[in-house]
Amino acid sequence: MAVRWWRVQAERGDTGRWWLWKKKKISVARWWPTVAGQCKEGYGCWWCSRQVVTMETEGGSAGCGGYGGVGRWLPRRVETKEVRRSRCRGYYEILIAFTSFILLSFFGTTNGLVRNWPFVGMLPSLLLNIGQIHEKCADVLGKSGGTFLLKGPCFANMDMLGTVDPANIHYIMSSNFSNFPKGPRFLRIFDFLGDGIFNSDADSWRNQRKLTRLLITHQRFHQFLVNTSQDKVEKGLVPLLDHVSKLGLVVDLQDLFQRLTFDTTCMLVTGYDPGCLSVELPDVPFSKAMDAAEEAVFSRHVVPVSIWKLQKWLGIGQEKRLSKACETLDQIIAKFISTKKHELSVGNEPMKEEEGVDLLTSYLSDDEVMDGLKCDYKFLRDTILSFMIAGRDTTSSALTWFLWLVSTHPIVEAKIREELKTTIPKKAANKRRVFSVEEVSRLVYLHSALCESLRLYPPVPFQHKEPCQPDILPSGHRVDSKMKIMFSLYAMGRMNFIWGDDCSEFKPERWISEGGTIKHEPSYKFLAFNAGPRTCLGKEVAFTQMKAVAAAIIHNYDVRVVEGHHVSPNVSIILYMKHGLKVKVTRRWS
């Protein structure tokens with residue numbers, strides 16, 4: 001058994017410590033110089049980590065030799081429990097430091113770019129930064145020149161090319177559109193949407209898009225949109241804000257906008273008003289289910305398919321939440337469909353022409369409009385769910401970020417108010433007012449401010465495509481059918497090579513031409529409403545709703561964010577605020 005020997009060298013002004021191990025012969029391991037008298041009884045020595053070690057010497061001194069030892073070898077080992085415990089702590093500290101170094105190296109970055117590791121690729125760094133995924137994408141894409149290849153684990157087929165290069169986006173979304181459909185992986189990830197317009201490709205997509213365009217551009221639907229939007233603002237939003245202002249309450253504007261857009265979208269799509277936007281703020285199971293589904297779908301983008309499929313099979317984690325959310329969504333949509341069918345079957349009078357008509361009524365009552373499409377339950381379910389997500393989520397997200405930006409930029413707020421005054425008769429300039437859709441549709445600065453907000457905080461922060469055949473993008477990057485191409489709309493609005501050195505600033509003026517009109521920006525540069533053949537059909541619907549709501553709030557109320565409230569984007573397929581938008585609202589007019 002090994003025996004530890006200590007040699008004590010006592011010389012004036014200098015001592016030394018030897019750490020010796022012996023089985024049959026003495027061998028020298030290491031020499032540790034120290035200062036005479038440094039280690040004495042009550043203070044300890046290097047090896048015992050500040051604990052007391054008493055060692056015998058011929059001189060009878062205690063300590064390690066700094067006080068009277070004559071420097072002779074003494075075959076005696078002295079080690080107390082405290083010494084052993086302290087030594088173990090020392091080992092643990094070394095182990096923790098070494099492990100921390102390895103972890104930092106493993107998850108670290110090089111020159112701001114994600115480190116690629118054997119076998120697991122860049123997945124660890126992706127998961128480590130998942131809470132700040134939008135900012136991380138902007139940082140990496142900015143430093144890589146606008147396009148970056150993210151390597152996934154070698155066993156998971158997760159390689160992804162991220163790009164914000166306008167030339168690449170124009171090529172994918174327009175020039176070579178046929179080679180870049182949504183693809184099977186997109187359908188697999190967004191399977192809860194069924195075969196709706198957002199999930200479909202080829203003929204199915206073309207037929208649904210043709211039908212949707214026909215319905216939402218019809219004069220009957222436009223009239224219904226105008227009436228519904230103005231009615232909800234005047235009879236829903238304004239009374240609720242008056243109530244909050246009167247009581248001096250803190251309110252979550254994000255929640256109010258979700259309720260508002262849920263009510264209006266539900267009315268436009270199904271004809272029914274759920275009444276979620278009221279002083280009572282009732283529970284909204286449909287909205288909660290949609291939020292849960294969207295968060296679960298986002299997680300599918302960053303974990304291997306085998307993992308989330310296993311979760312789905314076992315009924316655990318995010319997949320369990322998604323399954324429960326789909327049950328809720330299906331039950332509510334089924335109720336909408338059955339009620340509408342019953343109303344139409346008993347011969348209820350349709351809405352008058354000047355009142356307009358909802359989309360579900362058009363689908364069920366106008367066979368000519370359907371043009372051969374099979375209008376069964378699945379078609380209606382998938383269509384309603386797609387429209388509800390497009391209408392509720394994107395518009396409420398856009399309004400939330402817009403009101404936050406305006407409330408934190410007083411100069412912009414003042415300019416919008418001045419522009420609103422130009423539509424009001426002088427006698428009514430300083431009075432409460434709900435603006436008509438026609439009054440706000442011509443406002444240039446308000447429109448510019450909304451576009452600027454959408455540039456910085458796009459409601460859908462990313463989207464992806466898959467090539468059918470191998471291709472080479474304008475940036476020179478090769479892509480194949482096994483690779484996913486990701487656009488980060490959030491990062492795109494923060495690229496100085498696209499928007500200039502002031503790209504991070506909220507400047508509505510960048511959208512106004514020298515002649516004072518709205519400046520057109522190409523869709524492959526401003527992707528908030530998609531680009532190419534898939535350009536959003538609901539663009540005008542969204543602007544109509546946003547302008548009506550924004551004008552009513554900015555003219556009639558002062559909105560201020562609660563002090564200390566932290567604003568940051570969430571991690572989901574829709575760009576909401578992680579903690580909502582907590583504000584205090586004050587009426588401007590009596």
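Biologist: How much space lies in the largest pocket?
Modeller: This is a predicted model; local features need pLDDT of at least 70, side-chain atom pairs count only at pLDDT 80 or more, and totals for chains, interfaces and linings use all residues. Residues are numbered from 1 along each chain as its sequence is written, and side-chain values use heavy atoms, without hydrogens and water. A pocket is an open set of points on a 1 Å grid over the protein atoms alone, where a 1.4 Å probe fits, with protein on both sides within 12 Å along at least five of seven lines. A volume is the space filled by probe spheres set on the points, joined across faces, edges and corners, and for the largest pocket that is about 380 Å³.

Biologist: Which helix gives the most to the lining of the largest pocket?
Modeller: Lining residues have an atom within 4 Å of a point. Helices are DSSP runs (H or I, at least four residues), numbered from the N terminus. H8 (253-270) and H9 (285-302) each supply at least two lining residues. The most, five residues, come from H9.

Biologist: How many residues of that lining are charged?
Modeller: Asp, Glu, Lys and Arg count as charged. Among the residues nearest the centre of the largest pocket are Asp255, Lys288 and Asp291. Its lining has five nonpolar and seven polar residues, and the charged ones number 10.

Biologist: Which helix supplies the largest share of the second largest pocket's lining?
Modeller: This pocket holds about 300 Å³ and is lined by 18 residues. The largest share, six residues, comes from H20.
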